[in-house]
Amino acid sequence: MEIELKSRRHTVSDTGGAMELCYTNGWTDGLPVVPPTAERIRAMLEAGGIAAQQQIAFIENRQVSVTAEKVAINAVMAGCKAEYMPVIIATVEALADPLYGYHGPATSTGGSAVFMVVNGPIARELDINCGDNLFGPGWRANATIGRAIRLIMRNVIGTLPGELDRSSLGHAGKYSFCIAENEADSPWPAFHTTRGFRPGQNAVTIFAAYAPHQYSNRLSATPEGVLATACAHMKVSAGTARHPQYAMVFAGEHQAIMKKAGWSRGQVQQYVHENSQSTVAELKRINMLPGEVTPADERTLFPLVEAPQDLLVFAAGGFAGVQSAFIPGWGSKRGSQSVTKEIRRP
């Protein structure tokens, strides 16, 4: 039986006309889109094993129901293959999770993006990049899955720049910010297993994230040496208040150092939590905390995050080079939290 579609249809003369119609109506992110024909939309829905009018998520603050048909339309526009649909569905489910708190990170002047990390066999099957040029162009799955989420935010939920999206600066991750974890070479168990999933399950983790901060360390051959560099950079990224979480992404050579030393994910988290703290006095002097410096401020430490577990540690990136990155999370204290959802395939 044919899948019934209820979205409004538009008739155009050719593909160029379809793309221009999308520009005219404000349905693009500034880049050309793939015309969402009925055939392509149905293929997406079939790959997701989901009925067109089934609600995938309800965005409470916006009082918006996100249906499978609307998700499929935007996935087509983004250039996704049909087999990407289960990843997109799981990500949309995560957006509506109260822990993520969609309204804050989506509308704030801070300008966060939805950072996505895919774990499990599906990441390899879909060829989601976990290596060279990790945050850059070159991989269809990374580019289009992340782009689909932003188009859904724009076209379905109404998160439009200058209107509900009040970002002062934004960053390139708002086009697409999707990676996979390099589970094969990681010094640690796959990240989604820290959230209660089995290694063979598929899952996506989302995180309201600022842009990646890259740092280099070519001098150290120990975890302490690499992490000392990371902590020095992280200290000055604290903003005006404690962030809820940070992601830390370790690329190949730094992964190898951790593996050789036998350092667990927990040891990395503990070291960084203890050594990335600044004194309140330091932060007041550089105008990152308000008030006059007092003698007590010189002895009072201000941590980046409340607990070591608020540091999300991933293995990903190229094998050559001595670069890794950290990604501050949006908000302060217990603001938006990362959320992990299972990717279910029909």
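Biologist: How many nonpolar, polar and charged residues does the lining of the largest pocket have by class?

Modeller: This is a predicted model. In it, the lining of the largest pocket comprises 13 nonpolar, six polar and five charged residues.

Biologist: And what volume does the largest pocket have?

Modeller: Its volume is about 730 Å³.

Biologist: Which residues are the closest to the centre of the largest pocket?

Modeller: The pocket is lined by 24 residues, and the closest to its centre are Arg-8, His-10, Trp-27, Pro-36 and Ile-73.

Biologist: Which helix gives the most?

Modeller: Helix 3 does, contributing five residues to the lining of the largest pocket.

Biologist: Turning to the second largest pocket, how much space lies in it?

Modeller: The second largest pocket holds about 430 Å³ of space.

Biologist: Which residues lie nearest its centre?

Modeller: Of the 23 residues that line the second largest pocket, Phe-135, Gly-136, Ala-143, Ala-172 and Ser-176 lie nearest the centre.

Biologist: Which elements give two or more residues to the lining there?

Modeller: Helix 7 (140–155) and strand 4 (178–180) are the elements that do. Helix 7 gives the most to the lining of the second largest pocket, namely four residues.

Biologist: What does the lining of the second largest pocket have by class?

Modeller: There are 14 nonpolar, seven polar and two charged residues in the lining of the second largest pocket.

Note on methods:
Residues numbered from 1 in each chain as written. Predicted model: local features only at pLDDT ≥ 70, side-chain atom pairs only at ≥ 80, totals over all residues. Heavy atoms only, no water. 1 Å grid on protein atoms, 1.4 Å probe; cavity = no way out; pocket = protein on both sides within 12 Å on 5 of 7 lines; lining within 4 Å. Points joined across faces, edges and corners; volume = space filled by probe spheres on them. Nonpolar A, V, L, I, M, F, W, Y, C, P; charged D, E, K, R; others polar.
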